Amino acid sequence: MPEPLLEPLLEYRGAGLSVSTGTGERVVLAPTTLELTERRIGIIGANGSGKSTLARMLNGLVVPTTGQVLVDGLDVATYGAKVRQQVAFCFTDPAAQLVMPTCIEDVELSLRRHEKNARRRRRRAQEVLERFGLGEHTDVSVHALSGGQKQLLALAGVLATEPRVLVADEPTTLLDLANTRRVTDLLFGLEQQLVLVTHDLELAARCDRVIVVEDARVRFDGPADAAVADYLASVDA
């Protein structure tokens, strides 16, 4: 059974992005209107289609040049910092997010604004590492972790502050099969709303709703099985 619908926390209101080039304007994402209310939402499409831009607008990593993106009524262009307290973002390459020397220091960095007391912050960071299966790696260098462990640590860091939404941009692309399954099980077991950008159609098929992006536009938006079938038909055409 599909997960129950949520309140419309995430809204695109004619949100689009165009950039100037040497020959004029290039449309990266055409004006798009959506309400994302399902618990698990997939975004699929070819490289360069605009799917990552669509996802990155949700926490202000990309700001639309037309229209608005709202998170719980807040315009991401104006209230980016507040929006990012509610919407966490996980990149394809965890190296983009792991900035501290050890695992526990990296999670502590994420918690610095939420817990001012150093002792309580350390204890909370340890609890987070335990939750993500990294409890034995507290003082291990982030550079000594495997690819799967790095992705788990990146997820631990962004989820430590308990945001309401996680946007994950191709989080399994660099992982082997075993770590893909581990990270996927974690993602689909989260309490948070999940917006998943992926090339893995098996993962997309596990979502409640899937958005297909093609040539900077939403080509299809509907149940996962129908969306995956539409995408495959477009690739084979």
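Two strands are taken as paired where DSSP finds at least two bridges between them. By that criterion, β3 pairs with strand β9 (residues 209-214) in the parallel sense, over four bridges. The legends below describe close-up views of a predicted model.

**Figure 1. Strand β3 is joined to β8 and to β9**. Four bridges link β3 to β8, and these two strands run parallel. Within this pairing, I43 has V197 of β8 as its bridge partner. Toward strand β9 (residues 209-214), four bridges again join the strands in the parallel sense. There G42 stands opposite V210.

**Figure 2. Both faces of strand β3 are covered**. In a regular strand, side chains alternate between the two faces of the sheet. On one side of β3 lie R40, G42 and I44, and on the other I41 and I43; every one of these residues is buried. Buried here denotes a relative accessible area under 20%. Because five of the five residues of β3 are buried, the strand is largely enclosed by the rest of the structure.

**Figure 3. Helix α6 and the elements that cover its buried residues**. Helix α6 comprises the twelve residues 177-188; at 1.5 Å a residue it should span 16 Å, and its end C-alpha atoms are 16 Å apart, so the expectation and the model agree. The expected span is 1.5 Å times one less than the number of residues. The buried residues of α6 are N179, T180, V183, T184, L186, L187 and F188. An α-helix has 3.6 residues a turn, so residues three or four places apart point the same way. The cover over the buried residues of α6 includes β3 (40-44), α5, β7 (165-169), β8 (193-197) and α7 (201-204).

**Figure 4. An open antiparallel sheet of four strands**. The strand order is β2-β1-β4-β5. Strands β2 (24-36) and β5 (74-75) stand at the edges; each has a single partner strand, so one side of each is left without a neighbour in the sheet. Strand β4 (residues 66-71) is joined to β5 by two bridges, and the two run antiparallel. L70 stands opposite D75 of β5.

Figure 5. Leaving aside residues up to four places away in sequence, G14 touches P31, T32, T33, T66 and G67.

**Figure 6. The largest pocket and its lining**. The volume of the largest pocket is about 750 Å³. Its lining consists of 25 residues, and those nearest the centre are R84, S110, R112, G157 and V158. Elements giving two or more residues to this lining are α2 (80-86), β6 (87-90), α3 (103-111) and α5 (147-159). Helix α5 supplies the largest share, four residues. By residue class, the lining of the largest pocket divides into 14 nonpolar, seven polar and four charged residues.

**Figure 7. The second largest pocket**. This pocket holds about 160 Å³ of space. Eleven residues line the second largest pocket, with L6, E7, L9, R164 and Q193 closest to its centre. Its lining divides into four nonpolar, two polar and five charged residues.

Conventions
Residues numbered from 1 in each chain as written. Predicted model: local features only at pLDDT ≥ 70, side-chain atom pairs only at ≥ 80, totals over all residues. Heavy atoms only, no water. 1 Å grid on protein atoms, 1.4 Å probe; cavity = no way out; pocket = protein on both sides within 12 Å on 5 of 7 lines; lining within 4 Å. Points joined across faces, edges and corners; volume = space filled by probe spheres on them. Nonpolar A, V, L, I, M, F, W, Y, C, P; charged D, E, K, R; others polar. Buried < 20%, exposed > 50% of the residue type's maximum accessible area, 1.4 Å probe, protein only. Contact = heavy atoms within 4.5 Å.
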